[in-house]
Amino acid sequence: MTALNRQQGAGPAIPCRDGTLPSAVTLHESAPGKLNLTLDVLGRRADGYHELEMVMISVSLRDSLTLALGTGKPWSVSCDRPGIPAGPDNLCWKAAAAYCEAAGVDPQGLSIHIKKNIPAQAGMAGGSSDAAAVLRALNRHYRGFSWEELRTLGLRVGSDVPYCLFGGVALARGRGELLTRLPELPGELCFVLAKPEFSASTPALFRAIDEARLGETACPAPGQADGQSPSPQPQPHAAAMIAAIEAQDRNAIGTALQNDFEPLVARQFPIVERLRQIMLAHEAVGARLTGTGSVVFGLFCSQFKAAAAAMELREHCPEVHLVKAVSA
Ligand code: C5P
């Protein structure tokens, strides 16, 4: 990775009266949430991560980020929603620190403010999408890294960050960083998202899958799935979803929805199945958990039916949204 070293040799800038530096810049970036149309855990790798295969989409529910560079003050991360880590534990901070270190730049003070719309602890990659937005914004400003370099940086921050940088309809493999563009979904499809109050631990769910599969054949070692070797064909669930998308067949897309975590999560939290049944009763063509939850989404061919489902879901769930798929 090439360091940019843009600011090397520059002396310390003299702050303005309000404490900001003359070179202060404000950057805006939006961060869409994601849904898993399919999620297969293929097996545990020698590095402790899991080999995944997922068909992912970006949706119109977005966070908005404002980055101020050259504040002349210590770094800060803030969010309009309580409960989101502020400071070095926030993925946005980690992304900015990784970027500045790799690029050899010092923004001379950085503040990041997140306006949150994506539910947290929901399986919608809200934190990862915010981190990806920070990498995109900084990279636009410093005109730094290629896509490959940015993807490598993103993966250091979290497994979902490369997809969030890529966006749109995609097949994600490996840890989630081996990405293939897929065709757009049929335009008329809309999604209802229902966010129940529980949250499940992602590492614990991966462990539960490992325990349930003890004795099964191990998956390829990371070296075989690092993007250097020829891509294997997608497994049956992803292949069925890709075929349904290519055929623009809305019912087949609904039928092909799949998530390996759903049976485990639904066993622990019966509300998952209740929400799915409400969606299906309103003629969703399919309904599933996204990621490790807790959001359950339904896929509808009619805006009217989606709205009716949303109304009933609000009686069971604190947070319900109607969204569309969005392009990269
Ligand atoms: O990469 P990230 O920090 O988002 O991953 C969170 C946790 O999810 C990891 O610590 C690991 O337990 C699990 N994980 C995994 N395999 C992946 C992605 C995540 O085991 N491909």
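**Figure 1. Strand S7 and strand S10 in the predicted model.** Strand S7, residues 190–195, is joined to strand S10 by five bridges, and the two strands run antiparallel.

**Figure 2. Strand S9 and its hairpin with S10.** Strand S9, residues 286–289, also runs antiparallel to S10, and four bridges join them. Leu 289 has Val 296 of S10 as its bridge partner. Six residues lie between the two strands of this hairpin, in which Gly 291 takes a positive phi near 55 degrees.

Figure 3. Strand S10 comprises residues 296–300, and five of the five are buried, so the strand is largely enclosed by the rest of the structure.

Figure 4. How many disulfides does a search of the whole structure find? The search finds zero. Cys 190 is in no disulfide, and the nearest cysteine sulfur, that of Cys 301, is 8.1 Å away. A disulfide requires the two sulfur atoms to be within 2.5 Å. Cys 190 has a relative accessibility of 1% and therefore counts as buried, the cut-off being under 20%. Cys 100 is likewise buried, with a relative accessible area of 7%.

Notes
Residues numbered from 1 in each chain as written. Predicted model: local features only at pLDDT ≥ 70, side-chain atom pairs only at ≥ 80, totals over all residues. Heavy atoms only, no water. Buried < 20%, exposed > 50% of the residue type's maximum accessible area, 1.4 Å probe, protein only. Pairing = 2+ DSSP bridges.
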